[in-house]
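The following paragraphs lead the reader through selected features of the structure shown here.

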Amino acid sequence: MNIKKIFSLAKVLSKNSEMELPKSTLYRVLAAFAALGIMIPCCVIVGFISYIMTEALLEVESPGGGMLFELQILSAFSMIFGILVIFSILFFSSDREHFVTLPIPVHHLMMSKFLFAYFAESVMEFMILIAVFIGYFLAIGKNVGVGTALHPVGLIGAVLGTALIPMVPMIYCAVFSLILMACLSKVKSTGVFYRLSTVFLLIFAGIFVYSLRGIGEINMENYVESLGSGENLFLRTLNIIFFPVPWLANAISENSIVYLLMYIAGNVLLLVILYFLGKALYQKGLYTAASLGSSKKAEIKAKDISGDSQLKACFMKEVRVILRTKAFSGNCAYINVLWPVGAFLLFHFTKNKGGMADFMEMYAQGKERAEMILLMAVISISFIATALNSLASTSFTREGQHLSLIKYIPVRYETQIFAKAIVSFVFTYPCLVITDIIICAYMKTPVYECLIYALLMLLAHIISIIIGMSLDSASPYQEWDDEYSALRGNLNTFFNMAIMMFCAGIVAVIGILIYEVIKLPIAVYYIIMFAVLSAAMVRLLMVGPARIVGNLEKL
């Protein structure tokens, strides 16, 4: 294995992997705000959880249990969300035909693509892992001693873990890709593969739910106790699947050089297996991908888009692109279902327990503070859900290298912009309304308040759409390699999320100032929120479309 050549090729692949930050003061400010508003708070929360769990498990003499659980959760999520990315990069990236004609061993190309995907997908996870280890070491230093916490073996293990924890699940994803593409040579359909991430999610979720049996009342204390006793089925299963991770946890918690060497050996062994499996199967998989790609393109060409109006034709074109592209359908369309499902599960399983039961009782008693919190929550959900699905903030990025066609087809800019906005509305707002209904049903909210929430969510939703489309039109990411890169590497999505989180924060600050500081009744908060959101929406509707058109004309 020529490691130097593999890394060099991976470096070449990474050149066009992400959108370059536009050279603008505004975008630099947005980048700084996104880092401060999203990445750092997420890391702080994860680090705090690691600290609390480590302290709790120290009492049952299992200091590494909390860290191990978090590392395994991260491994499981890496596998769930990495499978389609690895599959797309290995077999369906646009540079496939170019690289296979070069004098490069095909398994070297496979390993280079794997390393490229590994680093590209793991940047945020690296930061989260750092937070996990910092939380662990702070708890150990406070309860056991600084000398134990700063042991060289433990520190080296943390550094290696930060770099290598995502490695095992990504190797599994690549192995599944190679084996299934070899099998697909006779099936001639990738449908089974694209559903694999859903299968993994259901399997892990099922094991997690099953692990709640036998722990008594479902709360954090009982669950942490099950982790410390080693009887948690979910953790035991993950320890088998991602077998090197427990060795790392033992190496850090026990400062064991033996476990550290075992962890390194386990990762090396899996890499060697991937290398030789790629040498045997990757060429065959590329041939299968080429034949599947050809048949797919022919099938799509056979169906024309027709409509009674230009707006309808543009709208149907957007819908078909999203639903026919697995990356877009899963990450932009179907992800919206998580909000009503999540709301239902949250209330169904916690309505009689802990903080949720106390909050619902407080609301039932007519406490205005509970009503204010509920209003903050539904408006914030609307902001964040619209930004999270990235339908608006990838409106023009989804066109890719064909973006210039927007200028030349005989359809007005305004019509195309409106069609893209309607797509975001159709896929997002109905799910937000259902979420609103579920929340109001469990909270026993009056119907008129439920309608008010739906109206305020609509205003926040429209604001998020216009801001997202404005960002993407100003600097669309056109040179993406595959659809997952269009989503993963598009900084506009990241910036839009940061702005929407800021908007959600403003909603909370206004509520706290009005009710907690100035001591005004909750009705004033409703009026002010409606006035602020309405004014912001009207202003954006007045200037937003014209600005987007101006941005498109400059392309």
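A residue counts as buried when its relative accessible area is under 20%. The model considered here is predicted. Thr-493 has a relative accessible area of 15% and is therefore buried. This residue belongs to helix H24, which spans residues 491-517. The side chain of Thr-493 makes a polar contact of 3.2 Å with the side chain of Ser-393. When neighbours within four places in sequence are set aside, the residues in contact with Thr-493 are Ala-387, Ser-390, Ser-393 and Thr-394.

Beyond its neighbours within four places in sequence, Ala-131 is in contact with Cys-43, Val-46 and Gly-47. Between Ala-131 and Ile-49 the C-alpha to C-alpha distance is 9.5 Å, although 82 residues separate them in sequence.

Two packed helices are described by the angle and the distance between their axes. For helix H7 (residues 152-164) and helix H13 (residues 244-254), the axes come within 7 Å and cross at roughly 150°. Angles over 145 degrees count as roughly antiparallel, so H7 is roughly antiparallel to H13. The crossing of the two helices, H7 and H13, is left-handed. Classified by residue type, the contact of H7 with H13 comprises five nonpolar and three polar residues, with no charged residues.

How values were computed:
Residues are numbered from 1 along each chain as its sequence is written. This is a predicted model: local features need pLDDT of at least 70, side-chain atom pairs count only at pLDDT 80 or more; totals for chains, interfaces and linings use all residues. Side-chain values use heavy atoms; hydrogens and water are left out. Helices (H or I, at least four residues) and strands (E, at least two) are DSSP runs, numbered from the N terminus. Buried means under 20% relative accessible area, exposed over 50%, partly exposed in between (1.4 Å probe, protein chains only). A polar contact is a pair of N or O atoms within 3.5 Å; within protein, one must be able to donate a hydrogen and the other to accept it, and residues adjacent in sequence count only if both atoms are side-chain atoms. Contact means heavy atoms within 4.5 Å. Axes are lines fitted to C-alpha atoms, for helices over the stretch in contact, and angles run from 0 to 180 degrees between N-to-C directions. Angles under 35 degrees count as roughly parallel, over 145 as roughly antiparallel, 65 to 115 as roughly perpendicular and the rest as oblique. A crossing is left-handed if the near helix is turned anticlockwise from the far one by less than a right angle, and right-handed if clockwise. Ala, Val, Leu, Ile, Met, Phe, Trp, Tyr, Cys and Pro count as nonpolar, Asp, Glu, Lys and Arg as charged, and the others, Gly among them, as polar.
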